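The following note comments on selected strands and their surroundings. Please read it alongside the sequence and the coordinates.

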Amino acid sequence: MYRRLMLAAAPLALSACVGTGIQGAAPVSAGQAAPISAQERQQGTDAHPSILAEYGGAYSGPQSAYAERVGRKIAVQSGLSDSPAAFNVTLLNSPVNNAFAIPGGYVYSTRQLMALMNDEAELAAVLGHEVAHVAARHSAKRQSAAQTNQVLGALGQLLVGAVAGNGAIGNVLSQGIGTGAQLVTLGYSRSQETQADDLGIDYLVKAGYDPMAMATVLASLEAQNNLDARISGGNARSVPAWASTHPDPGARVARAQQQAQATGIANGVRNRDAFLNALDGVMYGDDPKQGVIEGRDFLHPSLGIGFTIPQGFTMQNGTKAVSISGSNAQAQFSTAAYSGNLESYIGGVFKSLSGNSGSVPQFTVQRTSVNGIPAGYATIRANSGGSSVDATVFAYTPSNSQAYHFIIVAPAGQGVGALSPMVQSFRKLTSAQASAIKPRFVRVVTVKSGDTINSLASRMAFDDYKVERFLVLNGLNSNSTLQAGQRVKIVTR
């Protein structure tokens, strides 16, 4: 969430490897994909700005050029084009583990996922998997809907239907808030996922990389997912959905190992040192310029504001809004242009939810004050499939030139429902509170004589799970030992 706020990113959709002759998957071998068409190129060009907006923009660090070079090298193995320049590879400024590709030669990885990798071959494996989805034309059926939703976001899409009266809003309570880009990365069939893994391994071999890199990066993703699940017990950040919607991670790792062994390639390139040299200094976790999630708090030092979500709810942060999800209510936190009139501001939010074309039901703004900040709210009733829900806009004006708001969907008659403590928690940050929020960065260090896992983990800039985070970040386990001269990653302020 930079100066404006956003929905969270969709999780990585890597899955188990099986052969390319999979039932229900288009047969395509490495290097044999149909070339990028003019229509596909235009599709990608049209969608690219929305994806950048939804995922925090392009990351500006030197890691971007490295990711682009590796992504182009692996992408040309697909047959989509034999020119590296045909592929637009972007490192996204997002704190989630995610990668995806869309038609037209557009390939993406988040900086957070790159930080989890331990060598260049693993980066190539992930990007190759995503290119394979495009090479096999897996996403063609969903592309039109994905591009539409990338602009509005899922909650906005559902509320458009409700405010306009077509009853679409009820889905938000049962499905939760997602993002348009999830339609790009999620929703592949199991056979499509396994075909993409198999093709990704083929691409690694063609490019001269160690095909075992697919298995090792999958193992790191499995370990990270398990750690995220443990941490989420005391943390409000949402756990990636790919873990529950795709094949068992352990089976994926084992299958990838078998596929790699079947290639007969034992000495492929890993380029660990070159990768670590490039990775050193990449931002890790939330970018304070977009706001940070600390436990159940969302804090934005640049804007000088914060709020707290109740127990039992989770949130994800992006560029245009923060999404909040629970079993009986959903919400987004965002901002819009403010002319100084709170009633007009709230009306404008409702109007935007109607797609700026539908009529908005009558509403009355109730004035209040929250933690000394002028505020107001209004609720409209929307029908959905024979049932009703409340849609509330709760807005704040901490200054004469800026306003913020929650959009909340709850069962009819509940208003803001279980999210009442959240709307009452909106507050200004003090200068000391804002200045205390610092970014984290990955630093590559060389193990010295006497260093241990525990001693290096103690330098990790976290209050909990220091050892576990260190192990996962470096692809290690509890039985691993360190050797003097070995290079490892730590996260510092």
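1. In this note, a residue is called buried under 20% relative accessible area, exposed over 50%, and partly exposed in between (1.4 Å probe, protein chains only). Helices (H or I, at least four residues) and strands (E, at least two) are DSSP runs, numbered from the N terminus. The model is predicted: local features need pLDDT of at least 70, side-chain atom pairs count only at pLDDT 80 or more, and totals for chains, interfaces and linings use all residues. Residues are numbered from 1 along each chain as its sequence is written, and side-chain values use heavy atoms, with hydrogens and water left out.

2. Strand S10 (residues 330-335) has six of its six residues buried, so the rest of the structure largely encloses it. Gln330, Gln332 and Ser334 point one way from S10, while Ala331, Phe333 and Thr335 point the other way. In a regular strand the side chains alternate between the two faces of the sheet.

3. Strands are taken to pair if DSSP finds at least two bridges between them. S10 pairs with strand S9 (residues 322-325) in the antiparallel sense over four bridges, and Gln330 is the bridge partner of Ser325. Four residues lie between S9 and S10 in this hairpin.

4. S10 is also joined to strand S14 (residues 402-411), antiparallel, by six bridges. Here Ser334 stands opposite His405.

5. A separate point concerns the open, antiparallel sheet of three strands, in the order S4-S16-S17. Strands S4 (283-284) and S17 (487-492) stand at its edges with a single partner strand each, so one side of each lacks a neighbour in the sheet.
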